[in-house]
Amino acid sequence: MSALSTRLRPALTAALLSLVLGGSPAEAGKRDDTLRWASTFAIPSGEPYYNSFREGVLFIGQMVWDTLIHRDPDTSQYKPLLATAWRWIDPLTLELDLRRDVSFHDGRAFSADDVVYTLNFVIDPANKVNNPSNVNWIRRAEKTGPHQVRLLLHAPFPAALEYLSGPIAIMPVDFYRDAGAGRAVPAARLIGTGPYRFTRWDPGKEAQFEINPAYMADSPKGRPSIRRVVMRVVPDAGTQMAELMAGGVDWISQLPEETAQKLATVPNIAVLSAETMRIIFLQFDVEGRAGPNPFQDRRVREAVAHAIDRDAIVKNLIGAGSRTWHAFCFETQFGCTTEVRRIAYDPARARQLLSEAGYPNGFDTEILGFRSRPRIEALNGFLAAAGIRTRLSFMAYAAVRDRQHKGQARLVDTSWGSYSLNDTAAMVNPFFTHLPDDMVRDAEIKAWAEAASTAIDPEERKRLYGLILRKIADNVFVLPLYTNPSVTAFTSDLAYRTWPDENPRFYMQRWR
């Protein structure tokens with residue numbers, strides 16, 4: 001933390017000096033009815049299906065586009081959005097009636113054609129969406145009328161409504177027609193039905209949004225209160241804080257604990273720390289995709305677990321809103337059980353296990369990471385004390401994921417927020433059903449996961465997820481470390497509220 005403080009001190013000092021000389025932060029946001037937020041990540045794509053970032057999939061995705069179904073973030077009830085009603089014709093067929101009074105931002109009428117186009121495009125393996133497990137349970141979408149569709153499933157999928165209310169946005173027909181490399185859609189074609197519309201898109205730098213004046217008055221999302229929203233990419237944390245205190249931005253997130261404590265003392269700045277369903281964990285190359293390596297031995301993975309004092313990292317680095325975590329799911333997700341093996345901090349046992357595995361002098365390895373360098377450096381310190389000497393390659397998330405998919409990663413510090421889906425399938429399926437992010441490739445877990453995804457009986461689903469989660473923990477196939485808090489700072493003019501799924505829902509925020 002001292003290194004972090006040293007890096008941030010110049011920016012903090014400059015910003016505080018500007019406050020002393022110039023008074024309290026400017027009220028530009030409230031005054032011109034524009035909420036400006038700073039993103040750490042340079043988001044390359046403005047649409048949700050070819051996006052590696054939550055900011056793109058959910059923040060922007062739900063501002064600009066709508067889903068068929070809405071899950072109320074306060075009650076978890078499913079409510080009509082683009083679909084007015086839905087019914088199961090049989091376990092493999094879901095029929096949905098669609099709204100007749102919705103238009104896209106360019107005036108085109110919304111219809112069944114848009115739903116069929118979107119779903120059939122994103123489920124096609126040839127189109128290679130970023131997260132196929134969000135959509136690959138759908139076999140085909142069919143139009144049964146101008147405002148009615150049927151979804152035909154590969155197998156029963158009890159979590160269907162949850163997924164349809166989450167990351168499955170509906171785009172207009174031919175949305176991806178002019179897409180470039182990486183399915184990048186030109187700014188002029190970033191058209192949705194959502195509460196905000198794009199007014200500017202500069203990939204990796206800035207996005208601007210304005211209220212959609214034709215947005216449906218009875219949407220369960222509500223009509224936005226704030227007229228304009230601007231996203232600016234500001235990678236440096238110190239610069240973000242300086243901008244917030246000087247009034248250049250109104251909202252920043254993912255703050256380290258020490259930084260949040262400093263900001264909490266600044267007049268007219270509010271700080272909020274809350275636990276989220278995002279789990280920070282380590283992935284190991286259990287499969288040997290990068291070639292034979294120490295992490296293929298369970299004793300080495302157990303040694304890693306014993307070597308890390310997770311409680312100390314939570315207490316001293318992550319802070320409020322975080323807990324030490326052991327299960328590969330979040331407790332609110334259907335099917336999640338936290339009754340799994342827990343491996344305590346025991347560096348002596350870690351060294352003993354390494355010796356038994358044939359590494360009495362430890363070994364050297366690379367670790368990939370993209371979120372919170374100070375926290376990973378602290379983790380590496382604990383590993384080094386046990387004999388696992390790590391070399392940190394800290395890079396953008398997309399670069400980390402690319403190396404994983406190419407079989408060039410042996411140890412990865414990563415995280416997953418399940419795209420805010422409250423079902424254990426959203427945590428397990430991307431990493432244990434032989435998709436590109438699966439570094440284990442355990443056939444038994446894959447079979448259980450596929451059975452759990454399709455089991456109609458809720459108790460059977462819970463039983464199967466219990467088997468999966470306990471096997472993951474018993475074998476340390478991945479190592480859950482802690483829950484990740486949402487630590488945000490914002491101008492006190494903003495009546496900001498938060499939800500555990502990390503989605504700030506700017507369309508539901510308002511000024512005081």
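The legends below describe close-up views of aromatic rings and their surroundings in a predicted model. Residues are numbered from 1 along each chain as its sequence is written, and side-chain values use heavy atoms, without hydrogens or water. Local features need pLDDT of at least 70 and side-chain atom pairs count only at pLDDT 80 or more, whereas totals for chains, interfaces and linings use all residues.

**View 1. Phe 53 and Tyr 397 form one of the 34 aromatic pairs in the structure**. Rings of Phe, Tyr and Trp (its six-membered ring) pair if their centres lie within 6.5 Å, with planes under 30 degrees apart counted as stacked, over 60 as edge-to-face and the rest as tilted. With centres 6.3 Å apart and planes at 65 degrees, the pair of Phe 53 and Tyr 397 is therefore edge-to-face. The pair links distant parts of the chain, 344 residues apart: Phe 53 lies in the loop between strand E1 (34–39) and helix H3 (54–64), and Tyr 397 in helix H12 (residues 397–405). Helices (H or I, at least four residues) and strands (E, at least two) are DSSP runs, numbered from the N terminus. Phe 53 is buried at 7% relative accessible area, and Tyr 397 is buried at 11%, where buried means under 20%, exposed over 50% and partly exposed in between (1.4 Å probe, protein chains only).

**View 2. Phe 198 and Trp 201 form an edge-to-face pair**. Their centres are 5.8 Å apart, with 70 degrees between the planes; Phe 198 is buried at 12% relative accessibility, as is Trp 201 at 11%. Ring pairs link both residues into a cluster whose members include Tyr 50, Trp 65 and Phe 209.
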